[in-house]
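Q: I have a structure to go through before I set anything up. Can you walk me through it as I ask?

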Amino acid sequence: MAMEDQELKDPEMAEAEMQLLRSRATELLLREEWNDAVYTYSQFITLCRTQTAATDHHLPKLQKSLCLALCNRAEARSKLRNFEEALKDCDEALKIECTHFKTLLCKGKILLNLNRYSSALECFKTALVDPQVSGSSENLNGYLEKCKKFEHLSKTGAFDISDWILNGFSGKPPELAEFIGPVQIRRSGISGRGLFATKNVDSGTLLLVTKAIAIERGILPENCDENAQLVMWKNFVDKVTDSATKSTKTKNLIGLLSTGEAEDDLDVPEMSVFKPETEDQIRSTEMSKILSVLDINALVEDAASAKVLGKNSDYYGVGLWVLASFINHSCSPNARRLHIGDHIMVHASRDIKTGEEITFAYFDPLSPWKDRKRMSETWGFNCKCKRCRFEEQMSKKEEIKEIEMGGGTERGRGIETGAAIYKLEEGMRRWMVRGKEKGYLRASFWESYFEMFSSEKAMKKWGRRIQGMEMVVESVVDAVGSDERVMKTMVERFKRNGNGGGALEMERVLKLGRGVYGKVMKKQALRSLLELGSHEYAY
């Protein structure tokens, strides 16, 4: 029979039963058996409340026991990541004793986990006033400093992961705060709703940092069967569902995402709803639609516009980052993302103007139009971005058809590559192709440019008759943003030249690096990632 249905027990019997339940619950807590601890503390709390409501006998003692039990149940619930219910327990305990040190510490840690930095800071500050805090002051001061640091980062975006990089990604990834930069959600000309820049930003500028609602990682062999992928996907769906079940805010945020239907009817949310401190003011989604939401909005870590740093680079990962899910695809992307632990850091991969939509490349932007068309169809859409429309028209030209037929990996290496590039460059001159359109075509044939720039034989014959590497790279980056392969081409050229390029060429390479990795590290750390060393090229 449930406790709430039991009749009032004899005080001595009740005291004995409460003592037994308290001892059992404490033991379960110490053994980290969280579910059983929650259940047993719930039994104790119900009995304690029944006795408190019915008698004045030993009331202060009962209230003290109830306060501690609520705090301990909150701790167990927080370990199960049931933060919403854990916070309710903390608030109930603080109604009994508003300065209860252990509860304030527990509540502060929960709020910190929920990225509610200012509220957590208030809890820790209140706890610090307790005269009995001396034994825990060092630990408490650590939490205070962490809150201050995260609150500063959430407002400024002044992240620096240099130490972790320079230490070879050893140990745990750096702890990151939630950050929303100069972006907002608007109606998109690409699809449904999109994320847009609210001011001009330079390449490498941080746009947002956010933690996954859920993520699933595993090792998938190259030729793994479909079952292995389905198991990973099921585990991922279960994790998202569990997170949504435990948190109303999480469920409501998921409810903002598209299921792929009636996108024009969806609301455009204010950016404030994504801030952790904001009270829930948004509708929830039906959990029956969760599969459609995830099918449209889940992101894989190993993607065209992504770079995984640290030990997770050895794994295949899929996750849900709500705000990042509003970023649409373009074959002329302007943003990339770093995956660090369970967080993503989205940054500009080239300069972005006010009002410009933030976009990722869902598939390889350094591939010809026909290949991208096939890839977009596998994603379930037909890309009609400005670049695709331009290249679709250009693909009708006989010279382009000849370059495509004789180009790519089927053409072979060396001289033939140079001839194809020369033909393309001459064709663009005759067709009066200008500005970004040149970058579009060069990006589509980047493999050929790379082969030519890497061949001494080809460069001897064609090097003076075609555009130089710096100009080609600059136009490609202007068209499709910084790309790791383009960056590595410049890095290798810089290494071959030694110090010949000097500070100017070093700065070109570092600018490409900032477009790939973002402005979240010092130059020394960036040089380390680019494998340039920290002394030989230190200008």
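Q: Start with helices α4 and α5: is their crossing left-handed or right-handed?
A: The crossing of α4 and α5 is left-handed, meaning that the near helix is turned anticlockwise from the far one by less than a right angle; clockwise would be right-handed. Helices here are DSSP runs of H or I with at least four residues, strands are E runs of at least two, and both are numbered from the N terminus.

Q: Before more numbers, what kind of model is this?
A: This is a predicted model, in which local features need pLDDT of at least 70 and side-chain atom pairs count only at pLDDT 80 or more, while totals for chains, interfaces and linings use all residues. Residues are numbered from 1 along each chain as its sequence is written, and side-chain values use heavy atoms, with hydrogens and water left out.

Q: Back to α4 and α5. What are the angle and the axis distance?
A: Helix α4 (residues 83-96) packs against helix α5 (residues 101-113) at about 150 degrees, with the axes 10 Å apart. Axes are lines fitted to C-alpha atoms, for helices over the stretch in contact, and angles run from 0 to 180 degrees between N-to-C directions. The two helices are therefore roughly antiparallel (over 145 degrees; under 35 is roughly parallel, 65 to 115 roughly perpendicular, the rest oblique).

Q: Which residues meet there?
A: On the α4 side they include Phe83, Leu87 and Leu94, and on the α5 side Leu104, Ile110 and Leu111 are among them. Contact means heavy atoms within 4.5 Å.

Q: Now the sheet. What is the strand order?
A: It is an open sheet of five strands, β1-β4-β11-β10-β7, with mixed pairing. Two strands pair if DSSP finds at least two bridges between them.

Q: Which strands are at the edges?
A: β1 (179-180) and β7 (306-309) are, each with a single partner strand, so one side of each has no neighbour in the sheet.

Q: What does β7 pair with, and how?
A: β7 runs parallel to β10 (residues 335-340), joined by four bridges. Leu309 has Ile340 in β10 as its bridge partner.

Q: And the β1 end, parallel or antiparallel?
A: β1 and β4 are antiparallel, over two bridges, with Phe179 opposite Val209 in β4. β4 is also antiparallel to β11, over five bridges, and there Val209 has Met345 as its partner.

Q: How many residues of β4 are buried?
A: Five of the six in β4 (residues 206-211), so the strand is largely enclosed by the rest of the structure. Buried means under 20% relative accessible area, exposed over 50%, and partly exposed in between, with a 1.4 Å probe and protein chains only.

Q: Which helix lies across β7, β10 and β11?
A: Helix α21 (residues 502-517), running at about 135 degrees to β11 (343-348).

Q: Change of topic: how many salt bridges in the whole structure?
A: The search finds 37, a salt bridge being a side-chain nitrogen of Lys or Arg within 4 Å of a carboxyl oxygen of Asp or Glu.

Q: What is the N to O distance for Glu470 and Arg493?
A: It is 2.3 Å. Glu470 is in helix α19 (residues 469-480) and Arg493 in helix α20 (residues 484-497), 23 residues apart. Glu470 is partly exposed at 27%, whereas Arg493 is buried at 14%.

Q: Where do Lys155 and Glu151 lie?
A: Both are in helix α7 (residues 137-156), four residues apart, about one turn. Lys155 is exposed at 62%, and Glu151 is buried at 19%.
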